[in-house]
Amino acid sequence: MSNTARGPISNFIEKNYLHFNAAALMDAAKGYETHLLEGGKMMVTLAGAMSTAELGISLAEMIRQDKIDIISCTGANLEEDIMNLVAHSHYKRVPNYRDLSPQDEWDLLENHYNRVTDTCIPEEEAFRRLQKHIHKIWKDADDNGERYFPHEFMYKILLSGELEQYYEIDPKNSWMLAAAEKNLPIVVPGWEDSTMGNIFASYVIKGQINATTMKSGIEYMAWLADWYVKNSEGKGIGFFQIGGGIAGDFPICVVPMLYQDMEMENIPFWSYFCQISDSTTSYGSYSGAVPNEKITWGKLDINTPKFIVESDATIVAPLIFAWILKQ
């Protein structure tokens with residue numbers, strides 16, 4: 001594809017990103033693009049606090065342009081994009097976060113700010129505002145004997161329009177809103193450890209809502225297995241992993257589960273793999289494992305295109321997305 005068909009960001013990285021992690025970024029972006037052009041589908045996994053880092057600015061457009069077919073994310077990423085949507089002006093940036101003393105941190109807590117690196121999420125305007133509205137949707141489902149996945153409840157609140165009164169950013173920069181409008185498939189492993197998951201658990205403990213009203217991680221895995229089987233024909237499904245942890249490990253395991261435990265011997269491996277991570281391999285972490293290790297677990301084939309960019313995902317992911325979007 002000629003450079004004239006691309007915007008300045010793409011032209012810049014193609015010209016300058018020639019070696020080391022920069023070259024790996026470029027190779028991974030071109031591999032992603034090729035995978036889509038050949039008819040493949042793509043899963044994107046979101047670890048860390050990518051929503052609080054406002055990845056939605058680029059991720060939402062990727063969703064709107066059908067460059068992503070399914071997302072796996074932590075419960076924190078699921079909720080924090082919506083919190084940013086409704087409480088952005090109340091966030092507090094702390095650029096000198098490395099200099100904070102324990103007393104400084106305590107003062108932030110006392111003022112109802114929860115810090116994520118250089119950004120503090122406001123408890124009242126973010127957590128409690130969302131809690132007030134989502135509780136009613138949870139309770140209505142509970143009263144009616146209905147059950148939904150965590151992301152389905154979030155889609156309901158977004159599509160109801162109830163939160164529009166609070167919008168403080170351009171809605172086109174919310175990836176959750178873009179996902180809700182497309183009814184994009186999402187899996188949210190370990191949702192229980194998120195703030196909304198904690199709040200839901202508190203209602204269960206108080207006897208106000210049944211735990212079964214929220215569909216579980218096992219049900220997410222069973223749903224994902226069915227989705228994978230139905231969508232893995234042809235070029236297959238790629239795996240674009242931002243960070244590590246459960247957001248990546250949970251969904252990638254669906255392939256060896258289908259092959260080894262369900263004895264579906266013809267199930268395809270993931271057909272593209274890229275991970276952006278700054279984790280160190282030698283510590284035995286999943287996040288730091290090089291792609292070839294996944295061959296031994298029955299997740300990737302010998303010939304699967306494999307890329308790893310050892311860098312900050314908040315820098316790398318928007319640049320790769322810019323390439324895919326020809327920006």
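## Pocket, aromatic pairs and strands of a predicted model

Glu 146 is partly exposed, with a relative accessible area of 32%; buried means under 20% relative accessible area, exposed over 50% and partly exposed in between, for a 1.4 Å probe and protein chains only. The structure is a predicted model, in which local features need pLDDT of at least 70 and side-chain atom pairs count only at pLDDT 80 or more, while totals for chains, interfaces and linings use all residues. Residues are numbered from 1 along each chain as its sequence is written, and side-chain values use heavy atoms, with hydrogens and water left out.

Glu 146 belongs to the loop between H6 and helix H7 (150–160). Helices (H or I, at least four residues) and strands (E, at least two) are DSSP runs, numbered from the N terminus. Between Glu 146 and Thr 213 there are 67 residues in sequence, yet their C-alpha atoms are 6.4 Å apart in space.

### The largest pocket

Rolling a probe the size of a water molecule over the atoms shows where empty space is left. A pocket is found on a 1 Å grid over the protein atoms alone, with a 1.4 Å probe, as an open set of points with protein on both sides within 12 Å along at least five of seven lines; lining residues have an atom within 4 Å of a point. Grid points are joined across faces, edges and corners, and a volume is the space filled by probe spheres set on the points.

The largest pocket holds about 620 Å³ of space. It is lined by 29 residues, of which Ala 49, Met 50, Ala 53, Thr 117 and Thr 314 are the closest to its centre. At least two lining residues come from each of strand E3 (92–93) and helix H13 (313–324). The lining comprises 10 nonpolar, 13 polar and six charged residues, where Ala, Val, Leu, Ile, Met, Phe, Trp, Tyr, Cys and Pro count as nonpolar, Asp, Glu, Lys and Arg as charged, and the others, Gly among them, as polar.

Thr 117 lies in the loop between E4 and E5. Its phi is near 55°, a positive value in a residue other than glycine, and at 43% relative accessibility Thr 117 counts as partly exposed. Lys 326, in the segment after H13, also has a positive phi, near 60°. Its relative accessibility of 39% makes Lys 326 partly exposed.

### The antiparallel sheet

Strands E3, E5 and E4 form, in that order, an open sheet of three strands with antiparallel pairing. E3 and strand E4 (113–116) stand at the edges with a single partner strand each, so one side of each is left without a neighbour in the sheet. Two strands pair if DSSP finds at least two bridges between them. E4 and strand E5 (residues 119–122) are joined by four bridges, and Asn 114 has Ile 121 in E5 as its bridge partner.

### Aromatic pairs and charges over rings

Rings of Phe, Tyr and Trp (its six-membered ring) pair if their centres lie within 6.5 Å; planes under 30 degrees apart count as stacked, over 60 as edge-to-face and the rest as tilted. The model has 14 aromatic pairs by this rule. Two are tabulated below.

| Pair | Centre to centre | Angle between planes | Class |
|---|---|---|---|
| Trp 138 and Tyr 203 | 6.2 Å | 70° | edge-to-face |
| Phe 240 and Phe 321 | 5.9 Å | 40° | tilted |

Trp 138 in helix H6 (residues 123–143) and Tyr 203 in helix H9 (residues 195–205) are 65 residues apart, and their pair links distant parts of the chain. Trp 138 is buried at a relative accessible area of 1%, and Tyr 203 is buried at 8%.

Phe 240 lies in strand E7 (residues 237–242) and Phe 321 in H13, so this pair ties together parts 81 residues apart in sequence.

A charge sits over a ring if NZ of Lys or CZ of Arg is within 6 Å of the ring centre and within 35 degrees of the ring normal. Lys 156 lies over the face of Tyr 148, at 4.2 Å from the ring centre, and the charged end of Lys 215 is over the ring of Phe 149, 5.0 Å from its centre.

### Strand E7 and its partners

Six of the six residues of E7 are buried. Ile 237, Phe 239 and Gln 241 are on one side, with Gly 238, Phe 240 and Ile 242 on the other, and both faces are covered. E7 pairs in the parallel sense with strand E1 (residues 41–46) over six bridges, and with strand E8 (residues 272–276), also parallel, over five bridges. Lys 41 stands opposite Ile 237 in E7, while Gly 238 stands opposite Tyr 272 in E8.
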